[in-house]
Amino acid sequence: MDEKVKRLVKVYSELDWSERKVVRDFIEDFEKKEFSEKRAINEALNKSLGPLMTNACPYCGK
């Protein structure tokens, strides 16, 4: 399993049921969007969250 996928699965597994539902709903909606809409969403997330692979995890500090 890819390292990014492992990180995603770990964080996802630590969410409660309602939080996991929000994630699943987002993914389902995201996959239905056109490329330009996906890119806009990614840009907005990057602006609000920053580069995820270089930041420390707020949960475990790694």
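Why does lysine 10 count as partly exposed? Because its relative accessibility is 45%. Keep in mind that this is a predicted model.

Stay with lysine 10 for a moment. Its salt-bridge partner is glutamate 14, and the closest N and O atoms are 2.4 Å apart. Glutamate 14 also counts as partly exposed, because its relative accessibility is 45%.

How many salt bridges does the count come to? Six. I'll take two others.

Next, helix α2. Here aspartate 25 pairs with lysine 21 in a salt bridge, with 3.0 Å between the closest N and O atoms. The two residues sit four apart in the helix, so about one helical turn separates them. Aspartate 25 has 37% relative accessibility, so it is partly exposed. Lysine 21, at 33%, is partly exposed too.

On to helix α3. Arginine 39 makes a salt bridge with glutamate 43. The closest N and O atoms there are 3.7 Å apart, within the 4 Å cut-off. Again the spacing is four residues, so about one helical turn lies between arginine 39 and glutamate 43. Glutamate 43 has a relative accessible area of 42%, which means partly exposed.

Now the nonpolar side. Which residues form the nonpolar patch on the surface? Phe26, Ile27, Leu45 and Leu49. Together they have about 350 Å² of accessible area. Helices α2 (17-32) and α3 (35-49) each give two or more residues to this patch.

Phenylalanine 26 is in helix α2. Its relative accessibility is 40%, so phenylalanine 26 is partly exposed.

Key: Residues numbered from 1 in each chain as written. Predicted model: local features only at pLDDT ≥ 70, side-chain atom pairs only at ≥ 80, totals over all residues. Heavy atoms only, no water. Patch = residues over 30% accessible without salt bridge, like charges linked within 9 Å, V, L, I, M, F, W, Y side chains within 5 Å. Areas by Shrake-Rupley, 256 points an atom, 1.4 Å probe, with all protein chains shown as cover. Salt bridge = Lys/Arg side-chain N within 4 Å of Asp/Glu carboxyl O. Buried < 20%, exposed > 50% of the residue type's maximum accessible area, 1.4 Å probe, protein only.
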